[in-house]
Amino acid sequence: MKAWRVVRNARPSEALELLEVERPTPGPGEVRAHVAATACNFNEVDGCYGRYKTVDPPLPYTLGMEAVGVVDAVGQDAEAWLGRRVMLTGVGATGAHAEYVIGGQEMVFDCPDSLDEFEGAAFYFPFHVAYVSLIERGRLRSGETALIHAGAGGVGSAAIQLAKAQGARVIATAGSAEKLDFCRKLGADLAINYREDDFTEAVSEATEGRGVDVACDLVGGEITQQTMRCMAYNGRLMMTGFSGGIEAEDVAGLLPRPIIFGNFSLAGVLMTYGDPDRYGLIGIHVVPRERGESIHAALLDLHARRQIRPIVGRRASFADLPQELERMERRETMGRTILNWNRAAS
Ligand SMILES: NC(=O)c1ccc[n+]([C@@H]2O[C@H](COP(=O)([O-])OP(=O)(O)OC[C@H]3O[C@@H](n4cnc5c(N)ncnc54)[C@H](OP(=O)(O)O)[C@@H]3O)[C@@H](O)[C@H]2O)c1
């Protein structure tokens, strides 16, 4: 089968090679899906450069976190998935940009007929990450105000819609006039160009100095520091992503003083479902699989009621992965870029 392998650490067009590799076999609790569509995820750009410490397998490995496909083989205890069309994460958050992907069943969800494979691929991570950030962990309530950074991106565009569906007022940031327009079309009440304007001042003005109740921070670094000044009393600043520079994830740089004096909560977000008992107290908490299932059901319900919709910003061929990741790196994408694997058959 064809698979995009990271063979060296460099920019995507130099790091990746489309190679023929052996079709993988699912182990116990795993499924194999025949891939129809995959999504480009910002973490994969960092993966190519070898600076993404969360997913850092030895080279070479097959890149790719998210896919939609039909389950064509199953391991022991995963028999119930056989033949179902699913959205899934590759084992170890790798392996998805290939004709076949193996996924652990705790990160496999049904893809209903109401979503085609492209929409399903654009639905899965963006809405699950946004839900875990804003609602599961951030406890966003109707009538509150949410600040969403990188609002035109894959996760950001889902977060804007979800916050609106929750009955919140939404302030979004993004990096160009076209992206601001897009944020407003998605429902943002206010959109701020954080590359040109001081977003802290704009938030202060828009909230009459009160601040926002929940911030979904997908950028990190200096943006996180500035966001601290935007938080309301008892607000929740959700550290959800680091598209401004993944290195910030491991830099000791957060000053306690603004957090203490801000009287807000600083919280982390990891969208991974599983069995919490399997981990113990090792500094990682997964979201229980049962919560993942109710989150998936809640999201599909919102979709059925047309309150949220997946944003397929671009469709491309599987053959275009390196160029499409480089578009993400250059900040040229809006919504999710989805790759079509239907014609990949070797
Ligand atoms: N916590 C979790 O479990 C989890 C899971 C999956 C993904 N994530 C995170 O979610 C975030 C969004 O992921 P995504 O795949 O949907 O990406 P994305 O938002 O579609 O693309 C990244 C966006 O970040 C903004 N950005 C800010 N600074 C940037 C910089 N220096 N270089 C490039 N882009 C920059 C750009 O928008 P502007 O031009 O508008 O600034 C860019 O379009 C990522 O940080 C990812 O790590 C978190």
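**Note on helix packing, domains and the ligand shell**

1. Helix α3 (residues 117–137) and helix α4 (residues 154–165) cross at roughly 55 degrees, and their axes come within 8 Å. Axes here are lines fitted to C-alpha atoms, for helices over the stretch in contact, with angles between N-to-C directions that run from 0 to 180 degrees. Helices (H or I, at least four residues) and strands (E, at least two) are DSSP runs, numbered from the N terminus.

2. The model is a predicted one, in which local features need pLDDT of at least 70, side-chain atom pairs count only at pLDDT 80 or more, and totals for chains, interfaces and linings use all residues. Residue numbers start from 1 along each chain as its sequence is written.

3. From α3, Pro-126, Phe-127, Val-129, Ala-130, Tyr-131, Ser-133 and Leu-134 meet Gly-154, Val-155, Ser-157, Ala-158, Ala-159, Leu-162 and Ala-163 of α4. Contact requires C-beta atoms, placed from the backbone, within 7 Å of each other. In this contact, eleven residues are nonpolar, three are polar and none is charged. The nonpolar class holds Ala, Val, Leu, Ile, Met, Phe, Trp, Tyr, Cys and Pro, the charged class Asp, Glu, Lys and Arg, and the polar class the others, Gly among them.

4. α3 also packs against helix α9 (residues 289–304), at an angle of about 105 degrees and with the axes 11 Å apart. α3 and α9 are therefore roughly perpendicular to each other. Phe-127, His-128, Tyr-131 and Glu-136 of α3 make this contact with Arg-291, Ile-295 and Leu-299 of α9. Its residues comprise four nonpolar, one polar and two charged.

5. A further helix pair is α2 with helix α10 (residues 321–329), whose axes come within 9 Å and cross at roughly 105 degrees. This makes α2 roughly perpendicular to α10. On the α2 side, Phe-42, Glu-44, Val-45 and Cys-48 meet Leu-325, Met-328 and Glu-329 of α10. The contact has five nonpolar, no polar and two charged residues.

6. The domain assignment gives domain 1 (2–115 + 310–340) and domain 2 (125–273); such bounds come from an automatic or database domain assignment. Taken over C-alpha atoms, the centres of domain 1 and domain 2 are separated by 27 Å. Their contact takes 16 residues from domain 1 and 13 residues from domain 2. The side of domain 1 that touches domain 2 has seven nonpolar, two polar and seven charged residues.

7. Around the ligand there are 28 residues, of which Gly-153, Gly-154, Gly-175, Gly-241 and Ser-243 come nearest. A residue is near a molecule or strand if its C-beta atom, placed from the backbone, lies within 6 Å of it. The elements that give two or more residues to this shell are α2 (42–49), α3 and α4, and the largest share, three residues, comes from α4. By class, the shell has 14 nonpolar, twelve polar and two charged residues. Both domain 1 and domain 2 give residues to the shell around the ligand, so the ligand lies between them.

8. Two backbone features may be noted. Leu-59 and Pro-60 are joined by a cis peptide bond with omega of about -10 degrees, and Pro-60 is found in the loop between α2 and β4 (61–62). Arg-139, although not a glycine, has a positive phi of about 55 degrees. The place of Arg-139 is in the loop between α3 and β9 (145–148).

Methods. Two residues are in contact if their C-beta atoms, placed from the backbone, lie within 7 Å. Angles under 35 degrees count as roughly parallel, over 145 as roughly antiparallel, 65 to 115 as roughly perpendicular and the rest as oblique.
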